[in-house]
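Colleague: I have a model open and want to learn how to read it. Can we go through it together?

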Amino acid sequence: MESSDLRSAGLKVTLPRLKILEMLESHPARHMSAEDIYRKLMDSEEDIGLATVYRVLTQFETAGLVKRHHFEGGHAVFELERGPHHDHMVNLDTGEVIEFVSEEIEKLQKQIAEKHGFTVEDHSLVLYVRPKGGKKKG
């Protein structure tokens, strides 16, 4: 994504928007909270406040540039909207978010909806996982 993506989404190109977009694109973890982005901006000595980060992320979400996820036990995280649908697994021990695609799961969801007289318009599947052999905390 680049500044032309901001313009085509109807957003004015500003330094905070460019920096936050760059942060989302370049960070190895594709799912970042507003606080993660803010800390990374502070580490790079960017003078962008947390309220601005939240505001820009909300604008990006409204414009369809990012997707917001609310994974259980954590705050909202954002990822760039990159087209093809994928689902998520959240490692309960580390908080790591793993993306996956399963044609079988997609097909099964459609079959279940059709069986009940519906068509799937959208969905979100999150599996909360632990490594095999790992002990449950608490």
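Colleague: How many of the residues of β2 are buried?

Modeller: Some ground rules come before the count. This is a predicted model, where local features need pLDDT of at least 70 and side-chain atom pairs count only at pLDDT 80 or more, while totals for chains, interfaces and linings use all residues. Residues are numbered from 1 along each chain as its sequence is written, and side-chain values use heavy atoms, with hydrogens and water left out. Buried means under 20% relative accessible area, exposed over 50%, and partly exposed in between (1.4 Å probe, protein chains only). Strands are DSSP runs of E with at least two residues, helices are runs of H or I with at least four, and both are numbered from the N terminus. Now β2: five of its five residues are buried.

Colleague: Which way do the residues of β2 point?

Modeller: In a regular strand, side chains alternate between the two faces of the sheet. In β2, A76, F78 and L80 point one way. V77 and E79 point the other way.

Colleague: Which strand pairs with β2, and in what sense?

Modeller: Two strands pair if DSSP finds at least two bridges between them. Strand β1 (residues 66–70) pairs with β2 over five bridges, in the antiparallel sense. R68 has F78 as its bridge partner in β2.

Colleague: What about β3 and β4?

Modeller: Strands β3 (residues 87–91) and β4 (residues 97–100) are antiparallel too, joined by four bridges. M89 stands opposite I98. Five residues lie between the strands of this hairpin, and G95 takes a positive phi near 85°.

Colleague: Which residues touch the most other members in the largest nonpolar core?

Modeller: In soluble globular proteins, nonpolar side chains tend to be buried together. A nonpolar core is a set of buried Ala, Val, Leu, Ile, Met, Phe, Trp, Tyr and Cys residues joined through side-chain atoms within 4.5 Å. The largest one here has 20 residues, and I20, L24, I37, L41, V53, L57 and F60 touch the most other members. At least two residues of this core come from each of α2 (15–26), α3 (34–43), α4 (50–62) and β2 (76–80).

Colleague: What is L24 in contact with?

Modeller: Contact means heavy atoms within 4.5 Å. Leave aside neighbours within four places in sequence, and L24 is in contact with M32, I37, L57, F60, V66, F78, L80 and R82.

Colleague: How many salt bridges does a search of the whole structure find?

Modeller: A salt bridge is a side-chain nitrogen of Lys or Arg within 4 Å of a carboxyl oxygen of Asp or Glu. The search finds four. One of them joins K19 and E46, with the closest N and O atoms 3.3 Å apart. K19 lies in helix α2 and E46 in the loop between α3 and α4, so the pair ties together parts 27 residues apart in sequence.

Colleague: Are K19 and E46 buried or exposed?

Modeller: Both are buried. Beyond residues up to four places away in sequence, E46 touches K19 and L41.

Colleague: Where do R39 and D36 sit?

Modeller: R39 and D36 are three residues apart in helix α3, about one helical turn. Their side chains meet in a salt bridge (2.8 Å, N to O). R39 is partly exposed at 47% relative accessible area, and D36 is partly exposed at 26%.

Colleague: Which residue does E61 meet in a salt bridge?

Modeller: E61 meets R68 (2.8 Å, N to O). E61 is partly exposed at 30% relative accessibility. R68 is partly exposed at 29%.
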